[in-house]
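Here's a quick briefing to read with the structure open beside you. Take a first look around, then work through the points below.

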Amino acid sequence: MRYQNTYVNLDTRLYHEQPPTPLDNPRVGHFNTQVAQQLGWANDEDLMTNWVEILGGQYVPANFKPLSMAYAGHQFGQWAGQLGDGRGLLMAQVLDNDGQPQDLHLKGAGLTPYSRMGDGRAVLRSTIREYLCGHALTQLGIPSSNALGFVVSDTRVRRERIEAGAALMRVADSHIRLGHVEWIASFAPDVLGEFTDYMIDTYYPECRDSEAPVLAFLTAVVERTARMIADWQLIGFAHGVMNTDNLSITGSTLDFGPFGFMERFNPAWINNHSDHTGRYAYQNQPAIGHWNLNVWLPHFMRLEGVTRETLADCLAPYEATFMQHYQQGLCRKLGLPHQRESLSLAFEWLTLLEDNLLDYTNSFRALLGLVAPADHPYEQKLLDTMTTELSGDAQQVWQDWSARYLAQIEQLLLEQAVNDMTTNNPVYVLRNSMAQRAITAAEQGQFEEVDRVFRLLANPYSVQDIANDLDSNAPAPDTPQMPISCSS
Ligand code: AMP
Ligand code: MG
(Lines give C-alpha, C1' and ligand atoms only; values in the text may rest on other atoms or scores of the structure.)
(Ligands and ions follow the chains in the order given, each with its own letter.)
Protein backbone atom coordinates (compact mmCIF):
# COMPACT_ATOMS: atom_id res chain seq x y z
CA MET A 1 0.00 0.00 0.00
CA ARG A 2 1.05 3.56 -0.56
CA TYR A 3 1.15 4.88 3.00
CA GLN A 4 0.59 8.53 3.69
CA ASN A 5 0.29 8.78 7.46
CA THR A 6 -0.01 12.54 7.78
CA TYR A 7 -2.45 12.95 10.67
CA VAL A 8 0.28 11.94 13.09
CA ASN A 9 2.31 14.98 11.98
CA LEU A 10 -0.36 17.40 13.18
CA ASP A 11 -0.38 19.12 16.58
CA THR A 12 -0.19 16.40 19.24
CA ARG A 13 -3.21 17.74 21.14
CA LEU A 14 -5.40 16.44 18.26
CA TYR A 15 -4.86 12.72 18.85
CA HIS A 16 -3.44 10.03 21.08
CA GLU A 17 -1.03 7.46 19.64
CA GLN A 18 -1.82 3.96 20.87
CA PRO A 19 -2.14 0.39 19.62
CA PRO A 20 -5.43 -1.52 19.63
CA THR A 21 -6.31 -3.76 22.58
CA PRO A 22 -6.37 -7.32 21.16
CA LEU A 23 -9.62 -9.22 20.90
CA ASP A 24 -9.67 -12.75 22.23
CA ASN A 25 -9.42 -15.40 19.49
CA PRO A 26 -10.46 -13.31 16.46
CA ARG A 27 -12.01 -15.23 13.57
CA VAL A 28 -13.04 -14.46 10.01
CA GLY A 29 -16.32 -12.62 9.61
CA HIS A 30 -16.10 -11.37 6.06
CA PHE A 31 -13.51 -9.82 3.76
CA ASN A 32 -14.13 -7.38 0.91
CA THR A 33 -11.73 -8.39 -1.86
CA GLN A 34 -12.67 -5.46 -4.06
CA VAL A 35 -11.77 -2.96 -1.33
CA ALA A 36 -8.52 -4.85 -0.66
CA GLN A 37 -7.59 -4.48 -4.31
CA GLN A 38 -8.54 -0.82 -4.49
CA LEU A 39 -6.39 -0.07 -1.42
CA GLY A 40 -3.39 -2.07 -2.57
CA TRP A 41 -3.84 -4.27 0.53
CA ALA A 42 -4.27 -7.26 -1.77
CA ASN A 43 -0.73 -6.84 -3.15
CA ASP A 44 0.91 -7.16 0.26
CA GLU A 45 1.47 -10.73 1.34
CA ASP A 46 1.98 -9.84 5.00
CA LEU A 47 -1.33 -7.97 5.14
CA MET A 48 -3.23 -10.66 3.26
CA THR A 49 -1.87 -13.49 5.40
CA ASN A 50 -2.42 -11.73 8.68
CA TRP A 51 -5.60 -9.77 8.10
CA VAL A 52 -7.54 -11.51 10.87
CA GLU A 53 -4.79 -10.79 13.42
CA ILE A 54 -4.58 -7.18 12.24
CA LEU A 55 -8.33 -6.64 12.58
CA GLY A 56 -8.27 -8.50 15.88
CA GLY A 57 -5.71 -5.99 17.17
CA GLN A 58 -3.10 -8.70 17.72
CA TYR A 59 -0.66 -7.57 15.10
CA VAL A 60 0.15 -4.01 14.05
CA PRO A 61 2.13 -3.86 10.77
CA ALA A 62 5.20 -1.65 10.86
CA ASN A 63 3.77 0.98 8.49
CA PHE A 64 0.63 1.52 10.53
CA LYS A 65 0.47 4.50 12.92
CA PRO A 66 -2.53 3.78 15.15
CA LEU A 67 -4.07 6.73 16.96
CA SER A 68 -7.37 7.89 18.40
CA MET A 69 -8.64 11.30 17.30
CA ALA A 70 -10.14 14.06 19.41
CA TYR A 71 -13.39 15.59 18.24
CA ALA A 72 -16.49 17.16 19.73
CA GLY A 73 -20.02 17.64 18.52
CA HIS A 74 -23.61 18.71 18.78
CA GLN A 75 -25.77 15.71 19.59
CA PHE A 76 -29.53 16.00 19.06
CA GLY A 77 -29.11 19.74 18.79
CA GLN A 78 -27.15 20.20 22.03
CA TRP A 79 -23.48 20.95 22.51
CA ALA A 80 -21.97 17.70 23.81
CA GLY A 81 -18.40 18.86 24.41
CA GLN A 82 -15.49 16.51 23.86
CA LEU A 83 -16.28 13.14 22.27
CA GLY A 84 -13.50 11.60 20.16
CA ASP A 85 -12.69 8.08 19.00
CA GLY A 86 -13.95 6.14 21.99
CA ARG A 87 -13.66 2.74 20.39
CA GLY A 88 -11.98 3.20 17.04
CA LEU A 89 -8.43 3.91 15.91
CA LEU A 90 -7.11 5.47 12.77
CA MET A 91 -4.69 2.68 11.83
CA ALA A 92 -3.17 4.00 8.62
CA GLN A 93 -3.72 6.49 5.83
CA VAL A 94 -3.03 5.41 2.28
CA LEU A 95 -3.47 6.47 -1.32
CA ASP A 96 -5.65 4.02 -3.21
CA ASN A 97 -5.29 2.85 -6.83
CA ASP A 98 -6.83 6.10 -8.05
CA GLY A 99 -4.50 8.21 -5.90
CA GLN A 100 -7.39 9.07 -3.54
CA PRO A 101 -6.66 9.30 0.17
CA GLN A 102 -8.26 6.53 2.23
CA ASP A 103 -8.25 6.03 5.98
CA LEU A 104 -8.15 2.60 7.54
CA HIS A 105 -9.96 2.83 10.83
CA LEU A 106 -10.44 -0.08 13.20
CA LYS A 107 -13.79 0.15 15.00
CA GLY A 108 -14.07 -1.87 18.19
CA ALA A 109 -10.34 -1.63 18.96
CA GLY A 110 -10.56 -1.07 22.73
CA LEU A 111 -10.37 1.78 25.21
CA THR A 112 -8.93 5.18 24.32
CA PRO A 113 -8.66 8.44 26.28
CA TYR A 114 -11.97 9.38 24.62
CA SER A 115 -13.97 6.31 25.71
CA ARG A 116 -15.82 8.17 28.47
CA MET A 117 -18.24 5.60 30.01
CA GLY A 118 -17.90 3.14 27.12
CA ASP A 119 -15.94 -0.11 26.94
CA GLY A 120 -14.20 0.60 23.63
CA ARG A 121 -15.83 -2.36 21.93
CA ALA A 122 -18.32 -3.01 19.15
CA VAL A 123 -20.68 -5.98 19.08
CA LEU A 124 -21.12 -8.37 16.16
CA ARG A 125 -24.67 -7.19 15.44
CA SER A 126 -23.77 -3.54 14.85
CA THR A 127 -20.54 -4.49 13.09
CA ILE A 128 -22.46 -6.53 10.51
CA ARG A 129 -24.97 -3.73 10.03
CA GLU A 130 -22.20 -1.21 9.43
CA TYR A 131 -20.31 -3.61 7.15
CA LEU A 132 -23.32 -4.35 4.96
CA CYS A 133 -24.59 -0.78 4.90
CA GLY A 134 -21.30 0.78 3.81
CA HIS A 135 -21.13 -1.81 1.06
CA ALA A 136 -24.79 -1.27 0.07
CA LEU A 137 -24.46 2.52 -0.20
CA THR A 138 -21.16 2.29 -2.06
CA GLN A 139 -22.62 -0.09 -4.62
CA LEU A 140 -25.70 2.08 -4.95
CA GLY A 141 -23.34 4.88 -5.97
CA ILE A 142 -23.75 7.00 -2.83
CA PRO A 143 -20.60 8.45 -1.22
CA SER A 144 -19.99 6.37 1.87
CA SER A 145 -17.43 4.71 4.05
CA ASN A 146 -17.00 1.05 3.24
CA ALA A 147 -14.99 -1.66 4.95
CA LEU A 148 -12.16 -4.04 4.26
CA GLY A 149 -13.68 -6.72 6.45
CA PHE A 150 -14.62 -7.68 9.97
CA VAL A 151 -13.74 -10.27 12.59
CA VAL A 152 -15.70 -11.80 15.43
CA SER A 153 -14.11 -12.94 18.70
CA ASP A 154 -14.52 -14.64 22.05
CA THR A 155 -14.29 -11.30 23.85
CA ARG A 156 -17.56 -10.84 25.70
CA VAL A 157 -19.21 -7.44 25.57
CA ARG A 158 -22.05 -6.35 27.80
CA ARG A 159 -24.98 -4.52 26.24
CA GLU A 160 -28.62 -5.35 27.09
CA ARG A 161 -27.24 -8.90 27.03
CA ILE A 162 -23.74 -10.35 26.71
CA GLU A 163 -22.65 -10.31 23.08
CA ALA A 164 -19.59 -11.24 21.03
CA GLY A 165 -17.06 -8.46 20.49
CA ALA A 166 -16.20 -7.78 16.86
CA ALA A 167 -14.03 -5.33 14.93
CA LEU A 168 -14.53 -3.66 11.59
CA MET A 169 -11.74 -2.23 9.44
CA ARG A 170 -13.60 0.75 8.10
CA VAL A 171 -12.35 2.50 5.00
CA ALA A 172 -13.34 6.11 4.35
CA ASP A 173 -11.90 8.94 2.30
CA SER A 174 -11.61 10.84 5.58
CA HIS A 175 -12.45 10.40 9.25
CA ILE A 176 -12.47 14.12 9.90
CA ARG A 177 -15.90 15.09 11.09
CA LEU A 178 -17.52 18.50 11.42
CA GLY A 179 -16.95 17.87 15.13
CA HIS A 180 -13.17 17.99 14.73
CA VAL A 181 -13.37 21.70 14.05
CA GLU A 182 -15.78 22.14 16.96
CA TRP A 183 -13.25 20.47 19.25
CA ILE A 184 -10.46 22.69 18.01
CA ALA A 185 -12.55 25.83 18.46
CA SER A 186 -13.15 24.91 22.11
CA PHE A 187 -9.93 23.24 23.17
CA ALA A 188 -7.09 24.28 20.84
CA PRO A 189 -8.19 27.33 18.82
CA ASP A 190 -4.61 28.19 17.89
CA VAL A 191 -4.38 25.13 15.59
CA LEU A 192 -7.42 26.00 13.47
CA GLY A 193 -5.28 27.57 10.72
CA GLU A 194 -2.94 24.60 10.48
CA PHE A 195 -5.85 22.15 10.59
CA THR A 196 -7.79 24.01 7.90
CA ASP A 197 -4.72 23.97 5.65
CA TYR A 198 -4.48 20.23 6.27
CA MET A 199 -8.11 19.63 5.32
CA ILE A 200 -7.72 21.68 2.15
CA ASP A 201 -4.41 20.17 1.07
CA THR A 202 -5.46 16.60 1.78
CA TYR A 203 -9.11 16.52 0.74
CA TYR A 204 -9.83 19.62 -1.31
CA PRO A 205 -6.54 20.44 -3.09
CA GLU A 206 -8.46 21.97 -6.02
CA CYS A 207 -9.50 24.82 -3.67
CA ARG A 208 -5.87 25.98 -3.52
CA ASP A 209 -6.36 27.44 -7.01
CA SER A 210 -9.08 29.72 -5.74
CA GLU A 211 -8.38 33.33 -4.71
CA ALA A 212 -9.87 32.52 -1.30
CA PRO A 213 -9.07 28.84 -0.65
CA VAL A 214 -10.76 28.68 2.76
CA LEU A 215 -14.04 30.02 1.42
CA ALA A 216 -13.83 27.73 -1.61
CA PHE A 217 -13.24 24.80 0.73
CA LEU A 218 -16.18 25.67 2.97
CA THR A 219 -18.48 26.10 -0.04
CA ALA A 220 -17.35 22.73 -1.37
CA VAL A 221 -18.12 21.04 1.97
CA VAL A 222 -21.58 22.64 1.92
CA GLU A 223 -22.23 21.46 -1.64
CA ARG A 224 -20.97 17.93 -1.10
CA THR A 225 -23.08 17.58 2.05
CA ALA A 226 -26.17 18.78 0.19
CA ARG A 227 -25.59 16.28 -2.61
CA MET A 228 -25.01 13.39 -0.21
CA ILE A 229 -28.26 14.11 1.61
CA ALA A 230 -30.14 14.39 -1.71
CA ASP A 231 -28.78 10.92 -2.54
CA TRP A 232 -30.05 9.62 0.80
CA GLN A 233 -33.52 11.00 0.19
CA LEU A 234 -33.67 9.51 -3.30
CA ILE A 235 -32.71 6.03 -2.21
CA GLY A 236 -34.83 6.21 0.96
CA PHE A 237 -31.94 6.10 3.41
CA ALA A 238 -32.30 7.49 6.92
CA HIS A 239 -29.02 7.94 8.78
CA GLY A 240 -30.67 8.12 12.17
CA VAL A 241 -27.99 10.06 14.11
CA MET A 242 -27.02 13.14 12.13
CA ASN A 243 -25.05 14.70 14.96
CA THR A 244 -22.17 16.95 13.90
CA ASP A 245 -19.71 14.29 15.09
CA ASN A 246 -21.18 11.84 12.57
CA LEU A 247 -20.89 14.03 9.47
CA SER A 248 -17.68 13.83 7.47
CA ILE A 249 -16.07 16.93 5.97
CA THR A 250 -15.95 15.11 2.61
CA GLY A 251 -19.72 14.67 2.24
CA SER A 252 -19.39 10.92 2.52
CA THR A 253 -21.76 8.87 4.70
CA LEU A 254 -20.10 7.95 8.00
CA ASP A 255 -20.99 6.20 11.27
CA PHE A 256 -23.80 3.73 10.84
CA GLY A 257 -25.82 3.19 13.97
CA PRO A 258 -29.58 2.97 13.87
CA PHE A 259 -29.80 3.69 10.14
CA GLY A 260 -32.55 2.32 7.94
CA PHE A 261 -33.75 2.04 4.38
CA MET A 262 -37.32 3.18 3.85
CA GLU A 263 -39.75 0.36 3.25
CA ARG A 264 -43.42 1.45 3.32
CA PHE A 265 -43.25 5.11 2.41
CA ASN A 266 -43.73 7.46 5.31
CA PRO A 267 -41.77 10.71 5.13
CA ALA A 268 -42.10 11.21 8.89
CA TRP A 269 -40.43 7.85 9.56
CA ILE A 270 -38.16 7.83 12.63
CA ASN A 271 -35.77 4.90 12.57
CA ASN A 272 -33.76 5.68 15.69
CA HIS A 273 -35.29 4.35 18.88
CA SER A 274 -33.68 7.14 20.93
CA ASP A 275 -34.92 9.94 18.68
CA HIS A 276 -37.99 10.85 20.73
CA THR A 277 -38.77 14.08 18.92
CA GLY A 278 -38.14 12.85 15.40
CA ARG A 279 -35.31 15.31 14.90
CA TYR A 280 -33.60 12.89 12.52
CA ALA A 281 -36.75 11.62 10.79
CA TYR A 282 -36.28 10.89 7.09
CA GLN A 283 -37.98 14.08 5.92
CA ASN A 284 -35.92 16.28 8.27
CA GLN A 285 -32.52 15.18 7.00
CA PRO A 286 -32.08 18.02 4.46
CA ALA A 287 -32.88 20.68 7.07
CA ILE A 288 -30.62 19.00 9.64
CA GLY A 289 -27.72 19.03 7.18
CA HIS A 290 -28.20 22.77 6.93
CA TRP A 291 -28.48 23.14 10.71
CA ASN A 292 -25.22 21.26 11.21
CA LEU A 293 -23.33 23.33 8.68
CA ASN A 294 -24.77 26.49 10.17
CA VAL A 295 -23.33 25.73 13.63
CA TRP A 296 -20.06 24.59 12.08
CA LEU A 297 -19.18 27.44 9.76
CA PRO A 298 -18.86 30.32 12.28
CA HIS A 299 -15.77 28.67 13.84
CA PHE A 300 -13.84 29.70 10.75
CA MET A 301 -14.36 33.38 11.54
CA ARG A 302 -11.11 33.12 13.50
CA LEU A 303 -9.31 32.90 10.17
CA GLU A 304 -8.30 35.90 8.12
CA GLY A 305 -10.71 36.93 5.37
CA VAL A 306 -13.60 34.96 6.83
CA THR A 307 -16.51 37.09 7.99
CA ARG A 308 -20.16 36.54 8.80
CA GLU A 309 -21.03 37.80 5.31
CA THR A 310 -18.57 35.59 3.43
CA LEU A 311 -19.77 32.59 5.46
CA ALA A 312 -23.35 33.33 4.50
CA ASP A 313 -22.21 33.13 0.87
CA CYS A 314 -20.67 29.71 1.55
CA LEU A 315 -23.88 28.34 3.05
CA ALA A 316 -26.21 29.93 0.51
CA PRO A 317 -25.78 27.25 -2.22
CA TYR A 318 -26.92 24.48 0.15
CA GLU A 319 -30.60 24.62 -0.65
CA ALA A 320 -30.24 25.09 -4.41
CA THR A 321 -27.66 22.28 -4.62
CA PHE A 322 -29.91 19.96 -2.66
CA MET A 323 -33.01 20.82 -4.69
CA GLN A 324 -31.26 20.52 -8.02
CA HIS A 325 -29.74 17.15 -7.19
CA TYR A 326 -32.89 15.78 -5.55
CA GLN A 327 -35.29 16.90 -8.25
CA GLN A 328 -33.04 15.75 -11.06
CA GLY A 329 -32.68 12.38 -9.34
CA LEU A 330 -36.42 12.06 -8.80
CA CYS A 331 -37.06 12.70 -12.50
CA ARG A 332 -34.44 10.10 -13.44
CA LYS A 333 -36.13 7.57 -11.18
CA LEU A 334 -39.25 8.08 -13.26
CA GLY A 335 -37.33 8.12 -16.54
CA LEU A 336 -38.53 11.65 -17.27
CA PRO A 337 -36.66 14.83 -18.23
CA HIS A 338 -36.00 17.33 -15.44
CA GLN A 339 -38.84 19.80 -15.94
CA ARG A 340 -41.87 21.16 -14.16
CA GLU A 341 -44.42 18.63 -15.47
CA SER A 342 -42.18 15.71 -14.48
CA LEU A 343 -41.85 17.09 -10.96
CA SER A 344 -45.56 17.48 -10.44
CA LEU A 345 -46.03 13.88 -11.60
CA ALA A 346 -43.24 12.83 -9.21
CA PHE A 347 -44.85 14.52 -6.21
CA GLU A 348 -48.25 13.01 -7.03
CA TRP A 349 -46.53 9.62 -7.21
CA LEU A 350 -44.92 10.10 -3.80
CA THR A 351 -48.32 11.05 -2.38
CA LEU A 352 -49.78 7.84 -3.81
CA LEU A 353 -47.00 5.85 -2.12
CA GLU A 354 -47.54 7.64 1.17
CA ASP A 355 -51.35 7.41 1.16
CA ASN A 356 -51.23 3.69 0.45
CA LEU A 357 -48.13 2.87 2.50
CA LEU A 358 -46.49 1.28 -0.54
CA ASP A 359 -42.96 -0.05 -0.49
CA TYR A 360 -40.60 2.73 -1.63
CA THR A 361 -37.99 0.57 -3.38
CA ASN A 362 -40.36 -1.93 -4.98
CA SER A 363 -42.83 0.68 -6.19
CA PHE A 364 -40.27 2.74 -8.06
CA ARG A 365 -38.82 -0.39 -9.61
CA ALA A 366 -42.33 -1.64 -10.49
CA LEU A 367 -42.73 1.27 -12.91
CA LEU A 368 -40.42 -0.58 -15.31
CA GLY A 369 -43.12 -3.25 -15.46
CA LEU A 370 -45.48 -0.55 -16.68
CA VAL A 371 -43.15 1.24 -19.08
CA ALA A 372 -41.44 -1.76 -20.71
CA PRO A 373 -43.29 -4.91 -19.58
CA ALA A 374 -41.88 -7.27 -22.19
CA ASP A 375 -38.31 -6.96 -20.88
CA HIS A 376 -39.21 -6.77 -17.18
CA PRO A 377 -41.07 -9.83 -15.88
CA TYR A 378 -39.76 -9.32 -12.34
CA GLU A 379 -40.96 -5.73 -12.33
CA GLN A 380 -44.35 -6.79 -13.72
CA LYS A 381 -44.77 -8.96 -10.64
CA LEU A 382 -43.86 -6.04 -8.43
CA LEU A 383 -46.45 -3.98 -10.26
CA ASP A 384 -49.12 -6.64 -9.70
CA THR A 385 -48.32 -6.76 -6.00
CA MET A 386 -48.38 -2.98 -5.80
CA THR A 387 -51.72 -2.55 -7.54
CA THR A 388 -53.41 -5.24 -5.47
CA GLU A 389 -52.45 -3.26 -2.39
CA LEU A 390 -54.34 -0.18 -3.57
CA SER A 391 -57.72 0.57 -2.05
CA GLY A 392 -60.75 1.17 -4.33
CA ASP A 393 -60.31 4.95 -4.44
CA ALA A 394 -56.60 4.66 -4.90
CA GLN A 395 -57.13 2.38 -7.91
CA GLN A 396 -58.71 5.29 -9.70
CA VAL A 397 -55.91 7.66 -8.67
CA TRP A 398 -53.37 5.15 -9.95
CA GLN A 399 -55.21 4.65 -13.28
CA ASP A 400 -55.34 8.36 -13.82
CA TRP A 401 -51.74 8.96 -12.79
CA SER A 402 -50.28 6.06 -14.77
CA ALA A 403 -52.11 7.15 -17.95
CA ARG A 404 -50.63 10.65 -17.71
CA TYR A 405 -47.22 9.22 -16.82
CA LEU A 406 -47.21 6.85 -19.81
CA ALA A 407 -48.25 9.71 -22.06
CA GLN A 408 -45.16 11.62 -20.92
CA ILE A 409 -42.93 8.59 -21.43
CA GLU A 410 -44.26 8.03 -24.94
CA GLN A 411 -42.90 11.38 -26.01
CA LEU A 412 -39.38 10.25 -25.11
CA LEU A 413 -36.82 7.81 -26.31
CA LEU A 414 -37.93 4.67 -24.46
CA GLU A 415 -34.41 3.31 -24.29
CA GLN A 416 -33.18 6.37 -22.41
CA ALA A 417 -36.10 6.29 -19.99
CA VAL A 418 -35.58 2.60 -19.25
CA ASN A 419 -31.88 3.14 -18.77
CA ASP A 420 -32.44 5.97 -16.27
CA MET A 421 -35.03 3.96 -14.39
CA THR A 422 -32.90 0.83 -14.26
CA THR A 423 -29.83 2.64 -12.99
CA ASN A 424 -31.62 4.83 -10.42
CA ASN A 425 -34.13 2.42 -8.88
CA PRO A 426 -32.46 -0.45 -7.05
CA VAL A 427 -34.01 -3.90 -6.88
CA TYR A 428 -32.33 -4.51 -3.52
CA VAL A 429 -31.55 -2.33 -0.54
CA LEU A 430 -30.46 -3.45 2.92
CA ARG A 431 -33.81 -3.96 4.59
CA ASN A 432 -33.64 -4.32 8.37
CA SER A 433 -35.08 -7.82 8.11
CA MET A 434 -32.27 -8.86 5.72
CA ALA A 435 -29.60 -7.54 8.03
CA GLN A 436 -31.31 -9.21 10.95
CA ARG A 437 -31.39 -12.64 9.30
CA ALA A 438 -27.69 -12.36 8.50
CA ILE A 439 -26.99 -11.31 12.10
CA THR A 440 -29.02 -14.13 13.64
CA ALA A 441 -27.11 -16.71 11.60
CA ALA A 442 -23.75 -15.06 12.33
CA GLU A 443 -24.47 -15.09 16.05
CA GLN A 444 -24.72 -18.88 15.65
CA GLY A 445 -21.35 -18.90 13.91
CA GLN A 446 -22.79 -19.11 10.36
CA PHE A 447 -21.57 -16.38 8.01
CA GLU A 448 -23.01 -17.68 4.73
CA GLU A 449 -25.99 -15.36 4.92
CA VAL A 450 -23.73 -12.33 5.48
CA ASP A 451 -21.89 -13.42 2.36
CA ARG A 452 -25.06 -13.92 0.33
CA VAL A 453 -26.46 -10.49 1.29
CA PHE A 454 -23.06 -8.98 0.56
CA ARG A 455 -23.04 -10.50 -2.94
CA LEU A 456 -26.64 -9.49 -3.55
CA LEU A 457 -25.92 -5.88 -2.62
CA ALA A 458 -22.84 -5.85 -4.83
CA ASN A 459 -25.26 -5.48 -7.79
CA PRO A 460 -28.28 -3.74 -6.35
CA TYR A 461 -29.64 -2.53 -9.68
CA SER A 462 -30.16 -5.93 -11.28
CA VAL A 463 -32.37 -8.90 -10.55
CA GLN A 464 -30.30 -11.80 -9.28
CA ASP A 465 -30.51 -15.55 -8.94
CA ILE A 466 -29.10 -15.56 -5.42
CA ALA A 467 -32.04 -13.47 -4.20
CA ASN A 468 -34.98 -14.97 -2.36
CA ASP A 469 -38.48 -13.57 -1.86
CA LEU A 470 -37.66 -12.26 1.58
CA ASP A 471 -35.06 -9.87 0.11
CA SER A 472 -37.80 -7.83 -1.55
CA ASN A 473 -40.58 -8.35 0.95
CA ALA A 474 -42.01 -5.22 2.45
CA PRO A 475 -43.28 -5.64 6.00
CA ALA A 476 -47.08 -5.81 6.21
CA PRO A 477 -48.60 -2.30 6.09
CA ASP A 478 -49.92 -2.52 9.64
CA THR A 479 -46.56 -3.52 11.17
CA PRO A 480 -44.75 -0.34 12.13
CA GLN A 481 -41.13 -0.25 11.01
CA MET A 482 -39.06 -1.19 14.03
CA PRO A 483 -36.88 1.64 15.29
CA ILE A 484 -33.34 0.45 15.85
CA SER A 485 -31.59 0.84 19.16
CA CYS A 486 -28.47 2.99 19.49
CA SER A 487 -26.74 0.44 21.73
CA SER A 488 -23.98 -1.02 19.63
P1 AMP B 1 -21.84 7.13 18.04
O2 AMP B 1 -23.19 7.33 18.67
O3 AMP B 1 -21.54 5.70 17.72
O4 AMP B 1 -21.60 8.03 16.89
O5 AMP B 1 -20.79 7.50 19.16
C6 AMP B 1 -20.76 8.73 19.84
C7 AMP B 1 -19.53 8.81 20.71
O8 AMP B 1 -19.55 7.75 21.68
C9 AMP B 1 -18.22 8.67 19.97
O10 AMP B 1 -17.29 9.47 20.62
C11 AMP B 1 -17.90 7.20 20.15
O12 AMP B 1 -16.52 6.94 20.04
C13 AMP B 1 -18.38 6.94 21.57
N14 AMP B 1 -18.75 5.55 21.79
C15 AMP B 1 -19.82 4.86 21.30
N16 AMP B 1 -19.82 3.60 21.74
C17 AMP B 1 -18.72 3.44 22.52
C18 AMP B 1 -18.16 2.36 23.28
N19 AMP B 1 -18.74 1.16 23.31
N20 AMP B 1 -17.03 2.60 23.94
C21 AMP B 1 -16.42 3.79 23.93
N22 AMP B 1 -16.90 4.86 23.26
C23 AMP B 1 -18.04 4.69 22.56
MG1 MG C 1 -20.20 8.58 15.81
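Leaving aside its neighbours within four places in sequence, which residues is Leu 457 in contact with? They are Leu 132, His 135, Ala 136, Gln 139, Tyr 428, Val 429, Leu 430 and Met 434. Keep in mind that you're looking at a predicted model. Let's zoom out to the whole chain and then come back to single residues.

**The whole chain**

- Count up the pieces and you get 17 helices and 13 strands in the protein chain.
- The radius of gyration is 23 Å, close to the 23 Å that the globule rule gives for 488 residues, so the chain is as compact as a globular protein of that length.
- If you boxed up the C-alpha atoms along the principal axes, you'd need roughly 65 × 60 × 45 Å.
- Of the 488 residues, 59% count as buried.
- Take the contacts with a separation of 6 or more: 71% of them come from residues 24 or more positions apart.

**Surface and charge**

- The protein chain has an accessible surface of about 19500 Å², and carbon and sulfur atoms own 50% of that.
- As for charges, there are 33 positive and 57 negative side chains.
- The centres of those two sets lie 6 Å apart.

**Helix α10**

- Look for α10 at residues 317-334, which makes 18 residues.
- From its first C-alpha to its last, α10 reaches 26 Å, close to the 26 Å expected at 1.5 Å a residue.
- Just after α10 comes Gly 335, with a positive phi of about 75°.

- Trp 296 sits in helix α8, which covers residues 285-296.
- Is Trp 296 buried or exposed? Its relative accessibility is 0%, so Trp 296 counts as buried.
- Not counting residues up to four places away in sequence, Trp 296 touches Leu 178, Val 181, Phe 217, Leu 218, Val 221 and Ile 249.
- One of those partners, Leu 178, is 118 residues from Trp 296 along the chain, yet their C-alpha atoms are separated by 6.6 Å.
- Leu 457, our opening residue, belongs to helix α17 (residues 448-458).
- With 1% relative accessibility, Leu 457 counts as buried.

**Two loop residues with positive phi**

- Where is Arg 116? Look in the loop between β8 (101-107) and β9 (122-123).
- Phi of Arg 116 is near 45°, a positive value in a residue other than glycine.
- Arg 116 counts as exposed, because its relative accessibility is 60%.
- Leu 357 is in the loop between α11 (340-355) and α12 (360-371).
- For Leu 357, which is not a glycine either, phi is positive and near 50°.
- At 32% relative accessibility, Leu 357 counts as partly exposed.

Terms used. Residues are numbered from 1 along each chain as its sequence is written. Chains are lettered from A and ligands numbered from 1 in the order in which they are written. This is a predicted model: local features need pLDDT of at least 70, side-chain atom pairs count only at pLDDT 80 or more; totals for chains, interfaces and linings use all residues. Side-chain values use heavy atoms; hydrogens and water are left out. Helices (H or I, at least four residues) and strands (E, at least two) are DSSP runs, numbered from the N terminus. The radius of gyration is taken over C-alpha atoms; the globule rule is 2.2 Å times the number of residues to the power 0.38. Buried means under 20% relative accessible area, exposed over 50%, partly exposed in between (1.4 Å probe, protein chains only). Contact means heavy atoms within 4.5 Å. Accessible areas come from the Shrake-Rupley method with a 1.4 Å probe; for residues, only the protein chains shown count as cover. Lys and Arg count as positive and Asp and Glu as negative; His and the chain ends are not counted. The place of a charge is taken as NZ of Lys, CZ of Arg, CG of Asp or CD of Glu. The expected span of a helix is 1.5 Å times one less than its number of residues.
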